[in-house]
Amino acid sequence: MISIWSAKLKGIRDSSKRLADQWTEEQSPKDVLLRIRSFYLLAGLAGGIFNPYLSSMLVGGGLGSGQVGLLLSIGTFISILVQPVWGLIVDRFQQMRLVLLLSVAIPGLLSILYQSPYFLILIMVYTISTVFTATQAPMADSYALVAAQKANTTYGAIRFLGSAGTAVGGYLGGLYVSQYDVSLIWVPFMLFNVLAAILAFTLPRRSDESRILNQSLSAGIKTLLTNRLFLFFLGGSLLVNQTLTAFNSYFVLSFQDAGGTLQLAGVGLLIASAANIPSMLIAAKVIRRIGHEKMLLLAAFAYILRWGIQWLFPVPSVMLAVQLLHGLSFGFFYIAAVEYVSRITSKHMQATGQSIFNMVFVGIAGIIGNLLNGYLLELGGSQAMNLSCVISALCGSLLLLYVAVQSRYSSSSVPQS
């Protein structure tokens with residue numbers, strides 16, 4: 001009798017799975033486009049509300065900024081190590097939708113544990129959350145690239161909704177923590193992540209591009225690292241983008257250090273993320289006019305200007321106004337860098353090239369930036385941190401200048417394997 005009921009239950013479960021897969025796979029390109037745009041918006045809202053105030057929440061819980069930097073760096077380091085494992089999981093089980101769903105659901109559900117007073121538990125919570133969050137960008141971008149191609153639009157026209165969500169989220173987060181204790185910032189974060197997870201469930205089980213994510217990472221690294229120009233590009237990206245942690249992780253703390261309020265910090269986050277929207281929408285036109293290399297240099301100069309102004313004038317009003325440069329710095333740099341990697345890598349190495357870039361641009365840069373900027377903020381305040389960012393962005397610009405000059409004389413491409 002038990003075996004009969006087990007068989008019936010299995011049949012019902014299999015039928016339900018087939019119906020769900022059929023429903024999601026039969027979506028039109030416009031349906032998928034709408035859903036992936038909505039996913040970017042919800043995920044942006046969640047991150048915009050929570051991420052800028054995570055450091056303040058942890059410091060309010062008794063940690064020093066140096067400890068916060070260590071916690072963030074440990075989580076980021078482990079997330080780099082597990083990225084190839086996620087690739088293997090997607091390859092073996094073809095579950096892009098499930099992985100994308102987990103990338104927002106797990107961090108959202110675990111966020112309540114940030115209330116713990118124990119440093120070890122906080123490290124574990126952040127690390128596990130980051131392990132899952134690390135898969136969000138490549139999975140969402142895979143859907144977005146395919147949806148953009150099928151719906152005859154651009155990647156930037158989809159991705160900008162993530163920045164829009166982050167902009168609104170940063171502002172709402174400032175209002176929220178001004179009304180409630182910053183330790184409760186996990187509540188709206190959990191809510192928006194759960195909504196994003198529900199939306200992710202309605203996407204097709206995998207995008208048409210999922211199979212290109214399955215290239216061997218080790219083989220890809222070996223091939224790509226034979227290209228000297230690619231290495232200089234990665235070095236420049238690392239030095240420039242590690243400075244972004246001074247904004248992503250420590251803006252609220254440094255803004256308060258300069259005399260600003262939490263509510264005004266939310267305004268600064270809104271300005272920065274909103275500045276990304278027009279930048280990402282016009283990035284393709286600017287690249288067509290001046291090229292990827294000059295676009296990267298322009299963005300790197302905006303980074304230097306951004307940190308230099310805050311170093312010279314460390315007052316709240318200036319720190320708010322200078323966030324207008326976020327679009328010219330991060331927005332331009334990110335779009336130009338992603339397209340540059342796509343241009344110089346061969347067709348079958350696209351995913352591997354983007355994975356390596358992401359590991360350096362987000363992972364390694366995040367580790368170095370969180371450790372260095374957290375230490376400098378605790379040791380010498382925001383002035384020391386901003387000066388370090390100026391120097392780092394300047395050094396990165398020199399490497400990118402070398403890439404631009406060399407690209408004028410030779411058409412560089414990654415060796416075919």
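Modeller: A cavity here is a set of grid points where a 1.4 Å probe fits but cannot get out. This is a predicted model.

Colleague: How many cavities of 30 Å³ or more does the rule give?

Modeller: The count comes to two.

Colleague: What is the volume of the second largest cavity?

Modeller: About 60 Å³. The cut-off is 30 Å³ or more, so the second largest cavity, at about 60 Å³, is counted, since a volume is the space filled by probe spheres set on the points.

Colleague: What makes a residue part of a lining?

Modeller: An atom within 4 Å of a cavity point. For the second largest cavity, the lining residues include F247, F251, W307, M319 and M385. R306 and N386 are also among them.

Colleague: Which helices supply at least two residues of that lining?

Modeller: Helix 11 (245-248), helix 12 (251-257), helix 14 (292-312) and helix 17 (350-409) each do. Helix 14 gives the largest share, three residues.

Colleague: How does the lining of the second largest cavity split by class?

Modeller: Six residues are nonpolar, four are polar and one is charged. Arg counts as charged, and R306 is in the lining.

Colleague: Why is the pair R343 and E293 called a salt bridge?

Modeller: The rule asks for a side-chain nitrogen of Lys or Arg within 4 Å of a carboxyl oxygen of Asp or Glu. The side chains of R343 and E293 meet at 2.6 Å, N to O. The pair therefore meets the rule. R343 lies in helix 16 (residues 326-344) and E293 in helix 14, so the pair ties together parts 50 residues apart in sequence. By this rule the count comes to one salt bridge.

Colleague: Why is R205 called buried?

Modeller: Its relative accessible area is 19%, and the cut-off is under 20%, so R205 is buried. R205 is found in the loop between helix 8 (186-201) and helix 9 (217-224). R205 and Q95 are 110 residues apart in sequence, but 6.2 Å apart in space, C-alpha to C-alpha.

Colleague: What about S388: buried or exposed?

Modeller: S388 counts as buried, because 17% relative accessibility is under 20%. S388 is found in helix 17. Leaving aside neighbours within four places in sequence, S388 is in contact with L372 and L376.

Terms used: Residues are numbered from 1 along each chain as its sequence is written. This is a predicted model: local features need pLDDT of at least 70, side-chain atom pairs count only at pLDDT 80 or more; totals for chains, interfaces and linings use all residues. Side-chain values use heavy atoms; hydrogens and water are left out. On a 1 Å grid over the protein atoms alone, a cavity is a set of points where a 1.4 Å probe fits but cannot get out, and a pocket is an open set with protein on both sides within 12 Å along at least five of seven lines; lining residues have an atom within 4 Å of a point. Helices (H or I, at least four residues) and strands (E, at least two) are DSSP runs, numbered from the N terminus. Buried means under 20% relative accessible area, exposed over 50%, partly exposed in between (1.4 Å probe, protein chains only). Contact means heavy atoms within 4.5 Å.
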